[in-house]
Amino acid sequence: MAYCEQTDLVNRVGSTELARLTNDTAGSSSIDSTVVNSLIQRADATINAKCKQVYNTPLEKVLTGTIVSSTTTLTGTSTLFTTELEIGDPLKNRATGEIRLVASLTSATSATTSVAFTTLSGATLYRIPQIIFTVSVDLACFFAMQRRFSSMEMPADWVRVYDRIMGTPQKKGILDQIADMELDLGLTVASKEATITAPDATVAFTDSDSVWSEF
């Protein structure tokens with residue numbers, strides 16, 4: 001189970017930074033995928049622990065019907081793409097663990113992804129709520145930062161990312177807001193998706209990154 005992939009962390013902080021955060025060999029340009037996977041698992045466990053009192057976890061919704069793909073095109077049988085999906089939604093192929101983002105919605109049975117699935121034939125896809133995907137990426141990146149910084153040295157922008165997700169004594173975080181929702185009111189995780197947006201820019205990471213680092 002995973003709410004994001006290594007490529008999503010690369011998109012968030014850049015491949016050079018992720019290599020430096022996850023590989024303990026000085027000067028290495030290689031990303032340690034084993035470390036990345038452990039960071040994602042830690043992030044997802046944090047998300048599930050916060051939300052499991054209200055929701056069944058993992059927080060993935062199975063899509064109606066079955067789906068095959070040709071390059072980036074998804075062709076469905078008995079699917080409801082236009083009502084179950086929005087552009088930007090992460091879709092997961094449970095068989096491979098691959099996650100792809102919805103790029104367009106043409107009809108109830110036709111859609112495209114930004115990148116093609118490696119293999120997808122007669123499969124059932126799962127939709128990951130956008131907010132859960134974003135939180136998973138941000139938490140995994142924060143935990144990667146913790147490998148290199150003490151709590152006093154952590155870049156201030158990433159402290160704010162963490163506080164926004166996990167909350168502070170003064171304000172509930174995104175996960176607490178989701179966990180507090182009442183299902184009998186017909187609300188879903190998607191109802192909170194508009195409350196968090198990832199910064200457009202990446203964090204400029206160096207070994208001497210100061211607490212005043214900004215997006």
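Residues are counted as buried when their relative accessible area is under 20%. By this criterion, 44% of the 215 residues of the chain are buried in the predicted model. The accessible surface of the chain amounts to about 10,600 Å², and carbon and sulfur atoms account for 51% of that area. The mean pLDDT is 81, with 81% of the residues at 70 or more. Where pLDDT is low, the predicted coordinates should not be read in detail.

The chain contains seven helices and seven strands. Along the sequence these elements follow the order α-α-α-β-β-β-α-β-β-β-β-α-α-α. Among contacts between residues at least 6 apart in sequence, 66% join residues that are at least 24 apart.

The largest nonpolar core has 39 residues, and within this core Leu9 and Ile47 touch the most other members. Two or more residues each are given to this core by H1, H2, H3, H5, helix H6 (156–166) and helix H7 (174–179). H5 supplies the largest share, 12 residues. Leaving out residues up to four places away in sequence, Ile47 touches Tyr3, Leu59, Ile132, Val135, Ser136, Leu139 and Leu175.

Two packed helices are described by the angle between their axes and the distance between the axes. The axes of H1 and H2 come within 7 Å and cross at roughly 110 degrees. Since angles of 65 to 115 degrees count as roughly perpendicular, H1 and H2 are therefore roughly perpendicular to each other. Gln6, Leu9, Val10 and Val13 of H1 make this contact with Ser15, Glu17 and Leu18 of H2. The axes of H1 and H5 come within 10 Å, with a crossing angle of roughly 70 degrees. This angle makes H1 roughly perpendicular to H5 as well. On the H1 side, the residues involved are Asp8, Leu9, Arg12 and Val13, and they meet Phe133, Val137, Asp138, Ala140 and Cys141 in H5.

In helix H2 (residues 15–22), the buried residues are Glu17, Leu18, Ala19, Leu21 and Thr22. These buried residues pack against helix H1 (6–13), helix H3 (33–51) and helix H5 (130–146). Thr22, a residue of H2, has a relative accessible area of 0% and is buried. Apart from neighbours within four places in sequence, Thr22 is in contact with Ile31, Asp32, Val35, Val36, Leu39 and Arg147. Thr22 and Val36 lie 14 residues apart in sequence, and their C-alpha atoms are 6.7 Å apart.

The buried residues of H6 include Ala156, Asp157, Trp158, Val161, Ile165 and Met166. H1, H3, H5 and H7 are the helices against which the buried residues of H6 pack.

Ile128 is placed in the loop between strand E7 (125–127) and H5. The relative accessibility of Ile128 is 0%, so this residue counts as buried. Its contacts, not counting residues up to four places away in sequence, are with Ala2, Tyr3, Leu59, Glu60, Pro90, Lys92, Ile99 and Phe133. Of these contacts, Tyr3 is 125 residues from Ile128 along the chain, and the two C-alpha atoms are separated by 6.8 Å. Ser78 lies in the loop between strand E3 (73–77) and helix H4 (81–84). Most residues other than glycine have a negative phi. Ser78, although not a glycine, has a positive phi of about 60 degrees. The relative accessible area of Ser78 is 56%, and because exposed means over 50%, Ser78 is exposed.

Technical notes: Residues numbered from 1 in each chain as written. Predicted model: local features only at pLDDT ≥ 70, side-chain atom pairs only at ≥ 80, totals over all residues. Heavy atoms only, no water. pLDDT = per-residue confidence, 0-100. Buried < 20%, exposed > 50% of the residue type's maximum accessible area, 1.4 Å probe, protein only. Helix = DSSP H or I, 4+ residues; strand = E, 2+ residues; numbered from the N terminus. Contact = heavy atoms within 4.5 Å. Areas by Shrake-Rupley, 256 points an atom, 1.4 Å probe, with all protein chains shown as cover. Core = buried A, V, L, I, M, F, W, Y, C linked by side-chain atoms within 4.5 Å. Axes fitted to C-alpha atoms, helices over the stretch in contact; angles between N-to-C directions. Parallel < 35°, antiparallel > 145°, perpendicular 65-115°, else oblique.
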